[in-house]
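Student: I've got a new model open and would like to walk through it. Can we start with how the helices pack?

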Amino acid sequence: MKFTGTDAYVATQDLTVAVNAAITLERPLLVKGEPGTGKTELAVQISKALNMPLLEWHIKSTTKAQQGLYEYDAVSRLRDSQLGDERVHDVRNYIKKGKLWQAFDSPERVILLIDEIDKADIEFPNDLLQELDKMAFNVYETGETISAKLRPIVIITSNNEKELPDAFLRRCFFHYIRFPDFDTLKAIVKTHYPNIKEQLLTTALTQFNEIRDTQGLKKKPSTSEVLDWLKLLLAEDLTAEDLKRDARSSLPKLHGALLKNEQDVALFERLAFIARGQR
């Protein structure tokens, strides 16, 4: 069972090595990288490539680790007891399984995605240490222990918004998705737009890389944003010449797909003004 990428996802050699190493070690794969570099999509593509179901747990700032195990609805049970509902005699009627429980309880091996773990409270990773390490946890309300029937492949993503605890990192296999080089980016684009003209692709990616390399840029556009931009260029039937014509005298064509804040728009407007003044 080896992951080598898919027709829809260009995986570099170091990424495939990381995925397969994590599977072999039976450790969670912690994937970091810029937003929009395909971290979440990686789990989707591993699921497709290995033909395994995917369970997705998207983390928010309010998410607690316990929610990944289970949630006990004591309020509903109290209400039902007041109404004389027979369901109150079985506490299991008020326990909602979380994503980890679902993964552990699955009759077939699954991919478990814990997406953007760095959004949660700093204690969140620590609260999952034992559960991810031993692939088991206790349900205190029933006294039972839930153990993984088949150890899931765990993919954890982080945008590096906050540091993760050392004890948690020790239990993971780590990989940082670097921003793709020119040739890899070309290959990624061609998986999405196989009929794009070579001249337009080369010109657009050259301009895109120039934008990313601009000094003072607050937010560099990502892989997902260049794909959106190219989709717009194709929809507008723009050519390589259309891009070149205004490359140094104004904002990039359809710049809203690439520049996501007013500071960066203002930066390119200033650069355009300086360029006009030097003519």
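Predicted model: local features only at pLDDT ≥ 70, side-chain atom pairs only at ≥ 80, totals over all residues.

Student: What angle do the axes of α10 and α11 cross at?

Tutor: The axes cross at roughly 135° and come within 11 Å. Angles over 145 would count as roughly antiparallel and 65 to 115 as roughly perpendicular, with the rest oblique, so α10 and α11 are called oblique.

Student: Is the crossing of α10 and α11 left-handed or right-handed?

Tutor: The crossing is right-handed.

Student: Which residues make the contact?

Tutor: From α10, Leu200, Leu201, Ala204, Leu205, Gln207 and Phe208. From α11, Val226, Trp229, Leu230, Leu233 and Leu234.

Student: What about α9? Which of its residues are buried?

Tutor: Helix α9 spans residues 182–192, and its buried residues are Thr184, Leu185, Lys186, Ile188 and Val189.

Student: What covers the buried residues of α9?

Tutor: The cover includes α10 (198–212) and α11 (223–235).

Student: Switching to aromatics. How many aromatic pairs are there in the whole structure?

Tutor: A search finds six aromatic pairs. One of them is Tyr70 with Trp101, an edge-to-face pair at 6.0 Å centre to centre, with 90° between the planes.

Student: Where do Tyr70 and Trp101 sit in the chain?

Tutor: Tyr70 is in strand β3 (residues 70–72) and Trp101 is in helix α5 (residues 99–105). The two are 31 residues apart, and the pair links distant parts of the chain.

Student: Buried or exposed, those two?

Tutor: Both Tyr70 and Trp101 are buried. Tyr70 has a relative accessible area of 3%.

Student: Which ring does Tyr70 stack with?

Tutor: Phe137. The pair is stacked, at 6.3 Å centre to centre with 20° between the planes. Tyr70 lies in β3 and Phe137 in β6 (residues 136–139), so the pair ties together parts that are 67 residues apart in sequence.

Student: And is Phe137 buried or exposed?

Tutor: Phe137 is buried, with a relative accessible area of 4%.

Student: Which residues do the ring pairs link into a cluster?

Tutor: Tyr70, Trp101, Phe104 and Phe137.

Student: Now charges over rings. What lies over the face of Tyr94?

Tutor: Arg87 does, at 5.0 Å from the ring centre. Look at Phe179 as well: the charged end of Arg212 sits over its ring, 3.5 Å from the centre.

Student: What about Asn51? What is its phi?

Tutor: Asn51 also has a positive phi of about 55° and is not a glycine. Asn51 is in the loop between α2 and β2 (54–58).

Student: Is Asn51 buried or exposed?

Tutor: Exposed, with a relative accessible area of 69%. The cut-off for exposed is over 50%, so Asn51 qualifies.

Student: Last one, Glu41. Where does it lie?

Tutor: Glu41 lies in helix α2 (residues 39–50). At 35% relative accessibility, Glu41 counts as partly exposed.

Student: How far apart in space are Glu41 and Leu30?

Tutor: They are 14 Å apart, C-alpha to C-alpha, and 11 residues apart in sequence.

Technical notes: Residues numbered from 1 in each chain as written. Heavy atoms only, no water. Phe/Tyr/Trp six-rings, centres within 6.5 Å; stacked < 30°, edge-to-face > 60°. Helix = DSSP H or I, 4+ residues; strand = E, 2+ residues; numbered from the N terminus. Buried < 20%, exposed > 50% of the residue type's maximum accessible area, 1.4 Å probe, protein only. Lys NZ or Arg CZ within 6 Å of the ring centre and 35° of its normal. Contact = heavy atoms within 4.5 Å. Axes fitted to C-alpha atoms, helices over the stretch in contact; angles between N-to-C directions. Parallel < 35°, antiparallel > 145°, perpendicular 65-115°, else oblique. Left-handed = near helix turned anticlockwise from the far one by under 90°.
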